[in-house]
Amino acid sequence: MVAEFGHFSLIIALFIALMQTVIPQIGASIKNQLWMSCARPLVLAQSLFILLSFICLVFLFINDDFSVRYVAENSNTLLPDRYKISAVWGAHEGSLLLWVLILAFWSLAVSMFSSKLPIQLVARVLAVLGFISVGFYLFMLFTSNPFDRSLPYFLTEGADLNPLLQDVGLIFHPPILYMGYVGLSVAFAFSVAALLNGSIDSAWARWVKPWTLIAWMFLTLGISLGSWWAYYELGWGGWWFWDPVENASLMPWLVCTALIHSLSVTEKRGAFASWTLLLAIMAFSLSLLGTFLVRSGVLTSVHAFATDPTRGIFILIFLIVVIGGSLLLFAFRGPTKKSSSKFSSLSKELFILANNLILIIITAVILLGTLYPLIADVLGWGKISVGPPYFNLFFVPLTLLLGLLMPVASILRWKKTPRLNILKYFNGPLILSVIIGGSFPLMYESYEPIAVVSIFISSWIILITLRDIGHKSSTKVSILDGLKRIKISYWGMVTAHIGVAICIIGVGLTTAYSIQRDVRMLPGETISLANYQFEFVTIEPYEGPNYIADQATVLVTKKNSTIALLKPQKRRYFSSGQTMTEASIDSSIFRDLYIALGEPLQGDAWAIRIYIKPFVMWIWIGALFIAMGAVLASLDGRFKKIQ
Amino acid sequence: MVQLVNKLKFFLPLTIFTGITFFLIVALDRDPNYMPSTLLDRPVPAFSLSVLGNESEFIDEKIFMGEPSLLNVWATWCFSCRIEHPFLHQLSLQGIRIIGLNYKDNTFKAKNWLDEKKDPYILSLVDQKGIFAMDLGVFGAPETYMIDSRGIIRHKHVGIIDDLVWSESLMPIWKSLK
Amino acid sequence: MHTLRRYRLTMVIFIVTTTSVAVGLMSYALRENINLFYTPSSVISGDAPVNVTIRIGGMVVKDSLTRSKQSLQSTFRVTDGKSEVDVYYDGILPDMFSEGEGAVATGEINGDLVFIASSILAKHDENYMPPEVTYALDEAAK
């Protein structure tokens, strides 16, 4: 009954979304106030029905209704309740339902916080969002309905959730990432509406910016959470694999980063209008493309849980309609009017343009690398995989270049900066960061150039940023008073930029100084690794709620004092019989100790993988800073006035 | 001239997207998971396998001669087979001849499974090492082969057979075999 | 020169140089960093290059896995149903690795036609088969 109810709500939501697409759009074209004002109540109604549908699915999971095929395939009576809930979005059908639910939330948010915007624009924005919802509803109802019954055959037990996904990180990772992906649809809808309305100005940029910032924040959190999950759950100790699915989330992030910066130029200087529109379209297009790549199975990756060609065809058609349509609109209606504002070679505008260009090049490189195996296959060049060295070769130097330009851009003035003032500004930080970068590796046994460069770049970013804060606050009555006067959006930028610096430190030092050792150990055996002693104390059976495991106890000591007692497991899940490595990690601010059980060897011996990863936490701390920066920037007063 | 270039610039993104779409369409067509049986329209390869529950009895490819049959690859480790099983039973009640191929399985567990659930198979061949399955081009379970009365493989279905699959795609083929 | 013109010129030069450098580097990097896939049959027949990083895939032959008693070194054979290749690997085999199942190895072929693997990927679950393995088995059956 509940399943039918959920299915029915889904169908009603589809029809409401159809109305939401058509009525306000026509209203905006013929300037009919009544038709345009239908948009908001329709969005509310659609959200309620999709929420109802989602609650139904959660209910089915909690009550172990295995007559529903999706539940039977992804849950199990032994599964702990929290995983039953996260199993709702653990596979294809449910994750789509989550996708549209989040899209409805974003639409609702737009309809609620847009009272001061022109009704015509709001109607068009909501119509575009409605159109995207319609596409996803049709996709679900025709190819991936989570409420399908496997009747008349009853199952008394389900298959269980993929053990890889039975993890706290996976409860939060998809919803947060989707908040980001789907959030980009708002900037997209605003752009399409602007193209239809034929006007884009500073006010438009001010409306779009807070939505973009929040979507970007979720995307940042989602990606870093995913990378953190891969780090501790996959048992390989890596935190980024250049897997197609990871690339699919990184590309929209990069374009969105460019968009945020170019929006500033459009807002403050009225320039880059068409470029900004294009970026907004691209950011969302890439998140749709990511969905296509993951769901269709054209690229098989670790993450692709569903591979089905009919689904692929459907998404591809949808992709062509949405992306192709908006790009066509852009081609014909894109603002050709040349911006009147001019800027010199030492201006914020130019540096932001450079930032955009670099970010787009990085995106293009990743896109090419991700699609290359597919292109090669189509052209008959053989079965090819593109390895991480390709991506690193570009990503690393370009990101460092970006880091080098970043603080300069942040202190330059709009239009033109006097050359003399500016050189004075950089001398001190430059010398200091060269010294810090050059001397830092002396603390380690080997002198690694990666460490030198990353420490140099991050000190450069942090020093100039700090100096600029000092400069901005010193001109006022007192420093405290000065600090108070600084705008919150400036604090947002500073926080995000420092976050990038922290990330660079984490990535650089982990890459330069990580130690990995795969060893064969017998209980009682001890090995030494970089001043740490690892004693393999015992290996014992351990019983979890839905698995049994071999659990090792490893005592870590340094100079005879205990550092940590680590208990990595090798699990075997009852229902699926799958084996899983559960690594055990001792995290601290300056290093992680990471132990994973390999496989049992002869006798009591085990293959054990030991890592010492310095500064690895900084990668995720940096990401948190970036996300926090986005929140601060979106709180700026100038955005509030217009809502 | 300058104006034309300026206007054309706006078509650049669309052009790039069209290029990417072209590759995506072709790639989708070449679905990497598509597994045609290399033996389509060829006779069932020769084999000699014991029967589940009666290990001393050996069966060869002649079992497929005389009337059309389904060859269903199953195993107790395969969850999807559990979903498929009740429907196979229904098919067998309709008089459809189903021969099982117990694939890379524990024979003891397999016998229990058939005792517990009803047995839809005329008999189940035991292919513990997967040698016959390798000849057939089996990639996993469940898979079902449709074999005509002369022992020629006419169709291969990968994945679960349920009501929908049967009535929409397999039933017409089955009828044509008769 | 006129400021606007000079600005335009710098812009054009900047964009053109960065793009061309990027394109050049990209094509170079793609050539250097792609790993071609070969089937065990093509390794045995000598079609696969020696001492170049490639990937091979197929089924792990039953009873072919041997492990060293002292270290993590292991050897096994991979087949596409036609030919078998010896694979040597020093490290921890993945969770899903087992005899009779599909696996994809990245590494190099040495002079004795032994594949020295630097990483091993195993199939993910019973419903999933690395597409390369499917491809290898298909090719061999032709």
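The centres of domain 2 and domain 4 of chain A, taken over C-alpha atoms, lie 40 Å apart in what is a predicted model. The domain assignment divides chain A into domain 1 (1-160), domain 2 (167-358), domain 3 (391-514) and domain 4 (515-615). The C-alpha atoms of the chain occupy a box of roughly 80 × 75 × 55 Å along the principal axes. Its secondary structure consists of 20 helices and 11 strands. The radius of gyration of chain A, 26 Å, is close to the 26 Å given by the globule rule for 643 residues, so the chain is as compact as a globular protein of that length. Of the 643 residues in chain A, 53% are buried. Among contacts in chain A with a separation of 6 or more, 75% are between residues 24 or more positions apart.

The mean pLDDT of chain A is 87, and 94% of the residues score at least 70. Residues 301-307 of chain A, by contrast, have a pLDDT below 50; this stretch makes 19 contacts in the model beyond near neighbours in sequence. Where pLDDT is low, the predicted coordinates should not be read in detail.

Several strand pairings in chain A involve strand 5 (residues 547-558). Strand 4 (residues 532-543) of chain A pairs with strand 5 in the antiparallel sense, over 10 bridges. The two strands form a hairpin with 3 residues between them, and Glu543(A) has Ile548(A) in strand 5 as its bridge partner. Strand 5 of chain A is also joined to strand 6 (residues 561-566) of chain A by 5 bridges, again antiparallel. In this pairing Lys558(A) is the bridge partner of Ser561(A) in strand 6. Strand 5 and strand 6 of chain A likewise form a hairpin, here with 2 residues between them. A further antiparallel pairing, over 5 bridges, links strand 5 of chain A to strand 7 (residues 569-573) of chain A. There, Gln551(A) stands opposite Gln569(A) of strand 7.

The turn between strand 5 and strand 6 of chain A contains Lys559(A). Although Lys559(A) is not a glycine, its phi is positive, at about 50°. Lys559(A) has 8 C-beta neighbours inside 10 Å and therefore counts as exposed. A positive phi in a residue other than glycine also occurs in chain C, where phi of Leu113(C) is near 60°. Leu113(C) is in the loop between strand 6 (102-109) and strand 7 (114-122) of chain C. With 13 other C-beta atoms within 10 Å, Leu113(C) is partly exposed.

Between chain A and chain C, 31 residues of chain A are in contact with 28 residues of chain C. On the chain A side, the elements that give two or more residues are helix 13 (348-378), strand 1 (384-386), helix 14 (388-411), strand 2 (515-521), strand 8 (579-582), strand 10 (591-600) and strand 11 (606-614). Helix 13 of chain A gives the most to this side, with 5 residues. By residue class, the side of chain A that touches chain C divides into 14 nonpolar, 11 polar and 6 charged residues. Strand pairing also crosses between the chains: strand 1 of chain A and strand 1 (residues 34-38) of chain C run antiparallel and are joined by 3 bridges. Within this pairing, Ser385(A) has Asn35(C) as its bridge partner.

Chain B has 6 helices and 7 strands. From the N terminus on, its elements follow the order α-α-β-β-β-α-β-α-β-α-β-β-α. Of the 178 residues of chain B, 33% count as buried. Contacts between residues 24 or more positions apart make up 73% of those in chain B with a separation of 6 or more.

The mean pLDDT of chain B is 81, with 88% of its residues at 70 or more. Confidence in chain B is lowest in helix 1 (residues 2-9), at a mean of 72, and highest in strand 3 (residues 69-74), at 91. Over residues 31-37 of chain B the pLDDT falls below 50, and this stretch has 12 contacts in the model beyond near neighbours in sequence.

Definitions and conventions
Residues are numbered from 1 along each chain as its sequence is written. Chains are lettered from A and ligands numbered from 1 in the order in which they are written. This is a predicted model: local features need pLDDT of at least 70, side-chain atom pairs count only at pLDDT 80 or more; totals for chains, interfaces and linings use all residues. Two strands pair if DSSP finds at least two bridges between them. Helices (H or I, at least four residues) and strands (E, at least two) are DSSP runs, numbered from the N terminus. Domain bounds come from an automatic or database domain assignment. Two residues are in contact if their C-beta atoms, placed from the backbone, lie within 7 Å. Ala, Val, Leu, Ile, Met, Phe, Trp, Tyr, Cys and Pro count as nonpolar, Asp, Glu, Lys and Arg as charged, and the others, Gly among them, as polar. pLDDT is the predictor's confidence in each residue, from 0 to 100. The radius of gyration is taken over C-alpha atoms; the globule rule is 2.2 Å times the number of residues to the power 0.38. A residue is buried if 20 or more other C-beta atoms lie within 10 Å of its own, exposed if 12 or fewer, and partly exposed in between; C-beta atoms are placed from the backbone.
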